[in-house]
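Student: I would like to learn how to read a structure like this one, step by step. Could we begin with the surroundings of the ligand?

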Amino acid sequence: MDQQISSLCMPGVNVSVVSASQRAESCLYPEEKQILTAFATRKRTGEFTMGRTAARNALAQFGITRFPVLKGRRREPIWPAGYVGSITHKTKMAVAAVARERQYSSIGIDLEYTSEDIPFEMFKKICVPAEIQWAKQCETLKSVRFMMLFSAKESIYKALNLKHVSRIGFKDVQLNWIDETHAFTVDFLNGLEKRLDRLDHPLTVTCLVSGRSVFTCLAIENHDA
Ligand SMILES: CC(C)(COP(=O)(O)OP(=O)(O)OC[C@H]1O[C@@H](n2cnc3c(N)ncnc32)[C@H](O)[C@@H]1OP(=O)(O)O)[C@@H](O)C(=O)NCCC(=O)NCCS
């Protein structure tokens, strides 16, 4: 899966995957430890530590060492000046992706498990009719497709949030699956396009389904640089 995730991300995006078995070797900078509240559960502590370890490894691929990744006002990770990135984690795995800002204006990545039982009612809240129709086209793949849509929207949120728009709802985008590229193209709805700052169309969210995991990535090219 590690290799597949790395090859899914765009050129120039450095990726690190950390698994739970590597957790024992993981450690946090003192500044990062302070982000964890005294009430953090074991699960939260483990996931946060794996995520920060992945971030550290991804930064090291650019030769950046000893950089504690702190968090911003909306819980987003803070990267060194000139770099952008994203973190996602689950109990067994964390992934971080980092790139140079002159190449990408922002990145969003997300990891989900297809085995998670999410009620259909929830998908009605996050999907627009065309997406629901696509997911329901294939009965056996329905729940996987819903998870692909959900994950892609989480990646979009992480990439657009703050950097390109201050507020975005699940139904402000429509995802269109392209079989050949194994990716979603993104249509903006509800006037979102007008609210987006410094963003060129089209956006593409790449998607990997491997075993019970779904991984998505949106890296937005920087045309301003
Ligand atoms: C923030 C959010 C995307 C996190 O996703 P998640 O599936 O719960 O968790 P993940 O493991 O994938 O990601 C967690 C990491 O995301 C990062 N993150 C948190 N808030 C973020 C934000 N506002 N922007 C970018 N990254 C953020 C953090 O690094 C966090 O890990 P940490 O707390 O250990 O530092 C999710 O909680 C959320 O708010 N979703 C709303 C999405 C939405 O509204 N979409 C509509 C747009 S189409």
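Student: Which element gives the largest share of the shell around the ligand?

Tutor: Please keep in mind that this is a predicted model. To read such a shell, one asks which elements its residues come from. Here the largest share, five residues, comes from α6, while α3 (42–60), β2 (83–90) and α6 (142–160) each supply at least two. In total, 21 residues surround the ligand, and the closest are R75, E76, I87, T88 and Y157.

Student: How many residues of the shell are nonpolar, polar and charged?

Tutor: The shell around the ligand divides into eight nonpolar, five polar and eight charged residues.

Student: Why does the shell lie between domain 1 and domain 2?

Tutor: It lies between them because domain 1 (2–104) and domain 2 (110–221) both give residues to the shell around the ligand.

Student: At what angle do the axes of α5 and α6 cross?

Tutor: The axes of helix α5 (residues 129–136) and α6 cross at roughly 145 degrees and come within 8 Å. On the α5 side the contact is made by E131, W134, A135 and K136, and on the α6 side by K142, R145, F146 and L149. By class, this contact has four nonpolar, no polar and four charged residues.

Conventions. Residues are numbered from 1 along each chain as its sequence is written. This is a predicted model: local features need pLDDT of at least 70, side-chain atom pairs count only at pLDDT 80 or more; totals for chains, interfaces and linings use all residues. A residue is near a molecule or strand if its C-beta atom, placed from the backbone, lies within 6 Å of it. Helices (H or I, at least four residues) and strands (E, at least two) are DSSP runs, numbered from the N terminus. Ala, Val, Leu, Ile, Met, Phe, Trp, Tyr, Cys and Pro count as nonpolar, Asp, Glu, Lys and Arg as charged, and the others, Gly among them, as polar. Domain bounds come from an automatic or database domain assignment. Axes are lines fitted to C-alpha atoms, for helices over the stretch in contact, and angles run from 0 to 180 degrees between N-to-C directions. Two residues are in contact if their C-beta atoms, placed from the backbone, lie within 7 Å.
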